[in-house]
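Visitor: Please show me the model. I have some questions about its side chains.

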Amino acid sequence: MVVISTTDRYQWFPPLNVIKPSTSKHIQEQTVKNLIAKLLPQAAQKFKITVNKSIADDSPDAFQLDSNDKRIFITGSSGVAVAYGFHHYLKYYCKMHISWNGNQLKLPQVLPKLSQKIYVQINQKFRYYLNACTFSYSMVWWNWKRWEKEIDWMALNGINMPLALTGQESIWYKVYKKLGLTSTDLKNFFTGPAFLAWNRMGNIQRWAGPLPRIWMNKQRILQVKILKLMRNYGMLPVLPTFNGNIPNSLTAIYPKAKVVKSASWFGFKKPYGETTLLDPRDKLFKLISDLFLREQTKIYGTNHLYSLDLFNEIDPQSQDLHYLANISQSAFAALNSADNKAIWIMQGWMFYLDKYYWENKRIEAFVTAVPKGRIVILDLFAEVGPQYHRTKSFFGQPFIWCMLNNFGGNNGMYGTFETVIEGAISAYDVKNSTMIGIGMAPEGIGNNYIMYDLMAEMGWRKVAVDVRDWVVAYTVRRYGGLDENVIKAWFRLSETVYNCNDMRQYHCQAVPVARPSLTIANDAWYNADDIFVAWEYMLQADDQFHSSETFNHDLVDITRQALQEISFVMYKKLIKCYHDNQRENTELAGSQLIELLTDMDMLVRTDSHFLLGSWLDSALQQSNNISVKEYLRFNALNQITLWGPSKSKLHDYANKMWNGLIEKFYVKRWAIFVKALVKSISDSAPFDQQQFDLDIQKFEKSWVNENNKYSNTTSDNAINASKKLFLKYKVFVGKHQN
């Protein structure tokens, strides 16, 4: 028998021991059986599924694989553990692959038999998933079918602690109506659907609203389904609770309540910014917390895990240690009053983002004011800026090591192979570590799948993987075969593009998605050659891969990234021609850049995951009402471009290189820019960036309100499109570096 074991540290935190699945073993077993039947209907009867908690022994979770001549036996300590084990068998014995971008489910004619039992103890008690922002950047328009697919994916990847924030506005509506607010008051509080993440965190209000009641009701129904399936797998969903963010109108009803006005968040002014925050020490805080949690529990139930962020990109009102301790102590007391088993789950983003304020002494005062084990800190950006080091494992409170990976749902290629492989393991093994889980907390999903496939395995791995061995296995199962050229491509990518180690926070903020200016810097951490080499190797892959959905997706993504790098080379040429006062060459360089971006737009239309039309249609399908559709359209388009009013500091933060968006938005912006540069030379007048920005803002605002049609279907063939572009732009390959 092969055994991968771990030690048990969970006796340090007795409150966490009561956090257990709320469904029976029989329900969990049946839910996994249903999953297998969906994925492998022709072979579902060949798997024997058993949930047996005792199999975990002294570890948080475990699964066991065994076989005979007829069946595969999978036993796990929970439904999630069984699904994790099933996925392990598919990946490492059947060479099969399940991902956001497509599946490779070529089942062997005879299910591979195990030479011996495989017993895997899962090191981490909690395997956390999602970020408060994911619910806006990726999930805002999801229907039940898409949610079901994602929850199945969670189970397969061992996730047992998913964030579950959908449908809370219907609860808040009831609570605030009980407190005396009117429908008009709440129309001025809730944002539109695409911006609810930041409304919930207390950053903004009202923008792109008002929020339709029908939206709230549909989301409530959806959340009931979401939570039922999560719990049927044995998951422990993390629900929201009160964080102090209140409608300003409430202060008229409770004039003595102790409130503060937040600072303007990224330039959001009244009536959209400067939100009203209730001090947790005020008795009204406890009242609202009680009302919300009781109403939420009545409708959604509870697993006693609650997401609570008091200072998400919001400055505390004082630097005093007693103030911080009292604030967290009071917030926890309010939570505990409604649920005496409550565990506070807190994003540790603020500790990374504002290190100047959050010195160790302030972090210690804040987190240790809560009883030990009643708060769990998400070390949210641990693959780049882990905080457990400097805080000595958060001064004794349990924490979860998280990979953030993505900001704004951008679809540029990015990853941190080495720190993911080594970071989570070393954090768990460090002396006196209080690490109790791993997590994936991206702002947006659907991109860079290799990083998530790897990170999901860190829940059970105790020894760092050999990168090259792992990459070979990944390509074989993702594409359904072994190919030397594909392997060479992914070796290059995994060692460069997917191995960023310069501690950067953002990526995908340059050409072509940045608002045009004379001073755009490239934000790549690798040589352009790394992408070009991988691109060429992928095009040399065996023809057997041409029918692979996952291969086609990755080829489009790599080609898009290569064109992105070439676009920066062209941009530099454009700017040089302008500075050299060469009018005709400036015009020519500009037309070449625009032609390349048009080519990129046509390329990404060959893959369904790169279509603006799909995003927009998902939004419009939320309602049959014409005026509501216009409202939803505005939400969908504003988020991925202006991100707020026309002068928003967050413009292009949630950029996407999608078909339709490139041609109708980015290309048009660059055309306006080139025209302005040419006019500047013709008029012998300096380029006026400030005036240009004002002109561009007018275009952007107009575009967001247009009623253009965008395709939601693919065209052409990804292989052919990539080959044509490689030949067309081959002159750049191997000649330019960042």
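**Cysteines, core and rings**

Visitor: Is cysteine 94 buried or exposed?

Guide: Buried means under 20% relative accessible area, exposed over 50%, and partly exposed in between, with a 1.4 Å probe and protein chains only. Cysteine 94 has 4% relative accessibility, so this residue counts as buried.

Guide: A word on the source. This is a predicted model, where local features need pLDDT of at least 70, side-chain atom pairs count only at pLDDT 80 or more, and totals for chains, interfaces and linings use all residues. Residues are numbered from 1 along each chain as its sequence is written, and side-chain values use heavy atoms, without hydrogens and water.

Visitor: Which cysteine sulfur is nearest to that of cysteine 402, and how many disulfides does the structure hold?

Guide: A disulfide needs two cysteine sulfur atoms within 2.5 Å. The structure holds 0 disulfides. For cysteine 402, the nearest cysteine sulfur is 14 Å away and belongs to cysteine 133.

Visitor: Over which ring does the charged end of lysine 656 sit?

Guide: The rule asks for NZ of Lys or CZ of Arg within 6 Å of the ring centre and within 35 degrees of the ring normal. Lysine 656 is 5.7 Å from the centre, over the ring of tryptophan 658.
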